[in-house]
Amino acid sequence: MELKEAVTRRKRLLPRGGWLLPTCILCTNGFFANLRPSEPFVTPYLLGPDKNLTERQVFNEIYPVWTYSYLILLFPVFIATDYLRYKPVIILQGLSLIITWFMLLYAQGTLALQFLEFFYGMSTATEIAYYSYIYSMVEPAVYQKVTSYCRTATLTGFTVGSVTGQVLVSVANWSLFSLNVISLISVSIAFSTSWFLPMPMKSLFFHQNVIDAKKSLSVQSGNGGSQQNSDLECSAEEQKKSVTLQKVLRTLWKDFLVCYSSRTLLCWSVWWALSACGYYQVLNYAQGLWEKVAPSSHSNIYNGSVEAVSTLLGKLA
């Protein structure tokens with residue numbers, strides 16, 4: 001009966017206020033994970049005296065590792081996110097960011113920084129857990145609201161980080177190394193907050209029937225003895241075990257065929273893929289272009305201002 005009351009209470013509270021705690025924690029995590037003052041200045045930092053790398057090493061040997069790591073990890077991370085129910089993957093994202101910025105501070109040489117880019121690719125691929133976690137915790141009625149909050153938190157964090165970095169470089173004359181220290185502290189805070197996220201009870205594929213099985217168990221728990229309850233528990237456990245990777249992949253393939261038989265959805269997906277590729281291309285190499293136009297070695301750097309303005313416009317939209 002206690003389980004029945006808990007399920008009923010959760011169902012009653014979620015549409016009204018049960019979404020507030022996980023959303024606040026997730027927004028805090030997203031804000032600090034993206035509050036990285038050093039990110040707009042990564043290229044000048046790598047080309048400067050701290051790392052003393054050449055343009056060829058940075059643009060041809062180091063940066064592409066992130067792109068391909070992200071591509072290779074995306075699908076396995078997607079499956080792992082659903083199987084592990086989001087929270088562990090969000091924790092992994094925070095850990096990847098900590099490793100990335102720790103290596104950015106102390107790693108030397110091309111090979112070490114290529115490993116750094118791999119971990120950064122992992123942090124980018126695991127963003128899917130951040131953006132999908134909240135939908136397993138709240139009712140569909142508040143999807144639009146929590147989506148806007150979580151997305152605004154990340155954009156605000158990036159904007160604040162860019163502005164902070166620009167002010168510290170231009171006004172306080174801080175070193176780029178110091179900006180990386182602040183970034184490491186910020187992503188460490190994000191990693192800490194991720195442990196306080198409530199663990200979801202369901203996911204899209206592997207755990208979609210867990211809630212229903214527990215509800216069924218709670219409804220019937222008062223109608224029979226311990227033997228009946230034991231049978232119901234075994235039934236719920238078997239239901240969870242019956243969802244295998246093979247079945248999930250088969251379901252994904254069927255969904256793929258159904259979805260992309262729609263011309264509208266196909267056009268939207270192509271547009272999304274091209275826009276995402278264009279965005280990452282600009283993100284990866286814009287700083288290199290700015291180095292060509294106005295080298296940081298003998299001119300003022302306004303990378304933070306440019307990225308803050310562009311991100312701020314996205315946040316307002």
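## Burial and the overall fold

A residue counts as buried when its relative accessible area is under 20%, as exposed when that area is over 50%, and as partly exposed in between, with a 1.4 Å probe and protein chains only. The structure described here is a predicted model, in which local features need pLDDT of at least 70 and side-chain atom pairs count only at pLDDT 80 or more, while totals for chains, interfaces and linings use all residues. Residues are numbered from 1 along each chain as its sequence is written, and side-chain values use heavy atoms, with hydrogens and water left out.

Of the 317 residues of the chain, 41% count as buried. The secondary structure comprises 14 helices and 0 strands, where helices (H or I, at least four residues) and strands (E, at least two) are DSSP runs numbered from the N terminus. Read from the N terminus on, the elements therefore run α-α-α-α-α-α-α-α-α-α-α-α-α-α.

Two packed helices are described by the angle between their axes and the distance between the axes. The axes used here are lines fitted to C-alpha atoms, for helices over the stretch in contact, and the angles run from 0 to 180 degrees between N-to-C directions. Angles under 35 degrees count as roughly parallel, over 145 as roughly antiparallel, 65 to 115 as roughly perpendicular and the rest as oblique.

Helix H2 (residues 20-34) and helix H8 (residues 143-170) have axes that come within 7 Å and cross at roughly 25 degrees, which means that H2 is roughly parallel to H8. The axes of H2 and H9 also come within 7 Å, but they cross at roughly 160 degrees, so H2 is roughly antiparallel to H9. As for handedness, a crossing is left-handed if the near helix is turned anticlockwise from the far one by less than a right angle, and right-handed if clockwise. H2 passes H8 in a right-handed crossing, whereas H2 passes H9 in a left-handed crossing.

## Residues in the loops

Most residues other than glycine have a negative phi, and most peptide bonds are trans. Tyr-86, in the loop between helix H4 (55-84) and helix H5 (87-106), has a positive phi near 70 degrees although it is a residue other than glycine. Asn-173, which is not a glycine, likewise has a positive phi, of about 60 degrees, and is found in the loop between H8 and helix H9 (176-194). Tyr-86 counts as buried because its relative accessibility is 7%, whereas Asn-173, at 65% relative accessibility, counts as exposed.

Val-138 is placed in the loop between helix H7 (127-133) and H8, and it counts as buried because its relative accessibility is 4%. Although Val-138 and Gly-18 are 120 residues apart in sequence, their C-alpha atoms are 7.2 Å apart in space.

## Salt bridges

A salt bridge is a side-chain nitrogen of Lys or Arg within 4 Å of a carboxyl oxygen of Asp or Glu, and the structure holds 2 of them. One joins Arg-36 to Glu-39, with the closest N and O atoms 2.6 Å apart, and both Arg-36 and Glu-39 are buried.

Glu-55 and Lys-292 also meet through their side chains in a salt bridge, at 3.3 Å from N to O. This pair links distant parts of the chain, since Glu-55 belongs to helix H4 and Lys-292 to helix H13, 237 residues apart. Glu-55 is partly exposed, with a relative accessible area of 35%, while Lys-292 counts as exposed at 61% relative accessibility.

## A nonpolar surface patch

Patches are made of residues with over 30% relative accessible area and no salt bridge, with like charges joined within 9 Å and nonpolar side chains (Val, Leu, Ile, Met, Phe, Trp, Tyr) within 5 Å. Trp-253, Phe-256, Leu-257, Tyr-260, Leu-266, Val-270 and Leu-274 form such a nonpolar patch on the surface, with about 700 Å² of accessible area together. Helix H12 (245-259) and helix H13 (263-293) are the elements that give two or more residues to this patch. Accessible areas come from the Shrake-Rupley method with a 1.4 Å probe, and for residues only the protein chains shown count as cover.

Tyr-260 is placed in the loop between H12 and H13, and it counts as partly exposed because its relative accessibility is 35%.

Asn-303 is found in helix H14 (residues 303-316) and is buried, with a relative accessible area of 7%. The C-alpha atoms of Asn-303 and Ala-286 are separated by 9.4 Å, and the two residues lie 17 residues apart along the chain.
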